Amino acid sequence: MTDVLPDARLLGGITRESAATPTLSSDTPITGDRYYTQEFMQREWDHLWTKVWLIAGMVNQLPNAGDYFTFEIGRESIICSRAADGRIRAFYNVCQHRGNRLVSAEVGSLHGGEFQCAYHGWRFGADGRLNWVYCEEDFPQGSPCGKRNLVEIPCDTWAGFVWINMDEGCVSLQEYLEPIAGQLDCYRMERMKRTHWVTLDADFNWKCVQDNFNESYHLPYVHPQTLPVMNEHYTGCQFDMYPTGHARMLMPGGGPGPQYTGKADRVFEGLKMELDFWELDPEPYRNDLPALRIALQQRKRELGKQKGYDFSYYSDEQLTDHYHYTVFPNVSFSMKPDGCIFLMGRPHPTDPEKCLFDMWYLTLFPEGSTEYFAQSVRDWVSIDHQVPHQRGKVGEVSCGPGIDQDVTIWYTQQAGLRSRGYRGEYLPWQERRIRFFHDNIDRYLSGSRP
Ligand code: FES
Ligand SMILES: [Fe+2]
């Protein structure tokens with residue numbers, strides 16, 4: 001897919017047209033065994049993970065020929081590399097001599113060299129070709145060079161991400177991402193920089209993550225700080241589910257909804273950084289807090305250009321609201337006017353009660369910016385600097401205060417999902433994207449697709 005956008009198509013922002021509600025199952029409970037049994041985990045591996053498009057990394061990690069990164073998914077490791085022809089390709093990270101894992105680094109550059117296996121020294125190019133073997137003349141069946149190349153899998157790019165698919169017969173990435181790619185293009189994520197990159201080695205099933213980001217019912221209890229600054233109530237939000245398995249939620253921001261009964265000062269405090277940046281005095285809205293959202297939208301329209309932002313790609317709602325997309329099966333993009341919270345769950349190699357949870361923040365810098373204050377480095381760094389990857393257990397690395405609240409819950413939820421006393425979920429209608437998510441998993445497990 002192209003990353004060079006036909007800009008005129010994107011002017012004015014995302015359609016808010018509601019999607020038709022799909023038929024949802026009502027007779028199959030979402031039971032706890034889906035979150036802890038080896039049997040269900042294996043079915044997911046065979047019929048889901050090896051059939052879907054997955055985000056492996058970012059295009060800007062591979063600026064030059066010979067640059068590569070590796071991506072862990074379940075028991076597999078995938079190498080994504082940029083070859084001399086400029087193309088990014090993906091390969092299983094396994095030497096074709098006798099099966100040694102070829103690359104152990106997470107990121108690197110070949111600098112004109114080749115991937116060399118540590119076991120018997122076979123060398124592969126960034127294009128996957130086997131170029132050299134020790135004692136090449138000693139193969140009665142013929143030289144393996146050019147023959148025993150790395151095993152390539154489908155790979156494509158969209159929105160600045162490198163996507164891979166372990167299914168040779170997969171649909172194109174473009175078709176897979178219908179219709180959400182066309183909606184999200186206006187955020188121009190390919191121009192955003194990753195300014196936070198955390199991976200948790202977590203003790204819960206990956207679906208706890210995606211379930212959670214498929215609902216906003218938990219906000220008042222897990223994130224009470226959000227109540228003054230967004231309209232989290234289901235009556236104020238829009239939920240859409242698409243036939244391809246992806247979903248979205250449009251949640252008003254820039255202040256609370258009409259159901260808010262708290263103090264105006266809490267609203268002003270919660271929005272302080274944003275109000276200061278946009279030079280907006282909130283006092284006139286003390287007695288009409290929902291009007292603050294509209295005032296903030298107008299202010300951003302007035303000052304956007306001067307502050308270095310091109311907001312012509314956004315609708316007024318996008319200037320304040322949270323456009324939250326859950327991409328089947330394992331990614332959420334929570335879009336803000338100047339950034340994206342990126343959230344992803346990945347299966348553990350062997351344990352259904354563990355996963356990798358990735359939290360990235362992608363920042364769209366104002367035109368002309370050259371550096372920013374990086375929390376992880378605690379210093380000003382160039383916007384071209386790759387933020388370091390922090391990986392660890394809960395408590396060792398932080399996903400930021402808001403997401404850390406979600407993480408805490410997933411630990412206690414995983415414990416409860418295992419209980420003999422858990423009878424399966426009982427969902428309010430506003431959590432219907434969870435039902436939709438599990439219905440789509442079941443479709444994959446039965447061999448069909450959404
Ligand atoms: S297993 Fe890689 S060279 Fe032998
Ligand atoms: Fe949350």
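Glu-353 is partly exposed, with 18 other C-beta atoms within 10 Å; a residue is buried if 20 or more other C-beta atoms lie within 10 Å of its own, exposed if 12 or fewer, and partly exposed in between, with C-beta atoms placed from the backbone. The structure is a predicted model, in which local features need pLDDT of at least 70 and side-chain atom pairs count only at pLDDT 80 or more, while totals for chains, interfaces and linings use all residues. Residues are numbered from 1 along each chain as its sequence is written, and chains are lettered from A and ligands numbered from 1 in the order in which they are written.

Glu-353 occupies the loop between strand 17 and strand 18. Helices (H or I, at least four residues) and strands (E, at least two) are DSSP runs, numbered from the N terminus. With neighbours within four places in sequence set aside, the contacts of Glu-353 are Tyr-36, Asp-203, Phe-204, Asn-205 and Gln-414; two residues are in contact if their C-beta atoms, placed from the backbone, lie within 7 Å. Between Glu-353 and Gly-146 there are 41 Å in space, C-alpha to C-alpha, and the two are 207 residues apart in sequence.

The protein is divided into domain 1 (26-50 + 176-253 + 321-420 + 428-450), domain 2 (53-169) and domain 3 (265-311), with bounds that come from an automatic or database domain assignment. The centres of domain 1 and domain 3, taken over C-alpha atoms, are separated by 27 Å. Their contact involves 11 residues from domain 1 and nine residues from domain 3. On the side of domain 1 that touches domain 3 there are five nonpolar, four polar and two charged residues; Ala, Val, Leu, Ile, Met, Phe, Trp, Tyr, Cys and Pro count as nonpolar, Asp, Glu, Lys and Arg as charged, and the others, Gly among them, as polar.

The largest nonpolar core contains 85 residues, and those with the most contacts inside it are Ala-56, Cys-80, Val-162, Trp-163, Ile-164 and Cys-340. A nonpolar core is a set of buried Ala, Val, Leu, Ile, Met, Phe, Trp, Tyr and Cys residues joined through C-beta atoms within 7 Å. Strand 18 (residues 355-363) gives the most to this core, with seven residues. Because domain 1 and domain 2 both give residues to this core, it lies between them. Apart from neighbours within four places in sequence, Val-162 is in contact with Ala-56, Gly-57, Met-58, Val-59, Cys-80, Ile-88, Cys-155 and Thr-157. A second, separate core has 17 residues, including Val-267, Phe-268, Leu-275 and Tyr-285.

In helix 1 (residues 38-49), the residues Met-41, Glu-44 and Trp-49 are buried. The buried residues of helix 1 fall within an arc of 55° when seen down its axis, so they line one face of the helix; the arc is that of the directions from the helix axis to the C-beta atoms. The exposed residues Glu-39 and Gln-42 are carried on the face turned away from the buried side of helix 1. Among the elements that cover the buried residues of helix 1 are strand 2 (67-73) and strand 17 (339-347).

Five strands form an open antiparallel sheet in the order 5-2-3-4-9; two strands pair if DSSP finds at least two bridges between them. Strand 5 (107-109) and strand 9 are the edge strands, each pairing on one side only. Strand 4 (residues 88-92) pairs with strand 9 in the antiparallel sense over two bridges, and Phe-91 stands opposite Glu-152 in strand 9. Another open sheet has three strands in the order 6-7-8, also with antiparallel pairing. Strand 6 (115-116) and strand 8 (130-132) stand at its edges with a single partner strand each, so one side of each is left without a neighbour in the sheet. Two bridges join strand 6 and strand 7 (residues 123-124) in the antiparallel sense, and Phe-115 stands opposite Phe-124 in strand 7.

Most residues other than glycine have a negative phi, and most peptide bonds are trans. The peptide bond from Glu-178 to Pro-179 is cis, with omega near -15°, and Pro-179 lies in the loop between helix 2 (173-176) and helix 3 (180-184). A cis peptide bond also runs from Phe-328 to Pro-329, with omega near 0°; Pro-329 is in the loop between strand 15 (322-327) and strand 16 (331-336). Cys-135 has a positive phi, near 55°, and lies in the loop between strand 8 and strand 9 (152-153).
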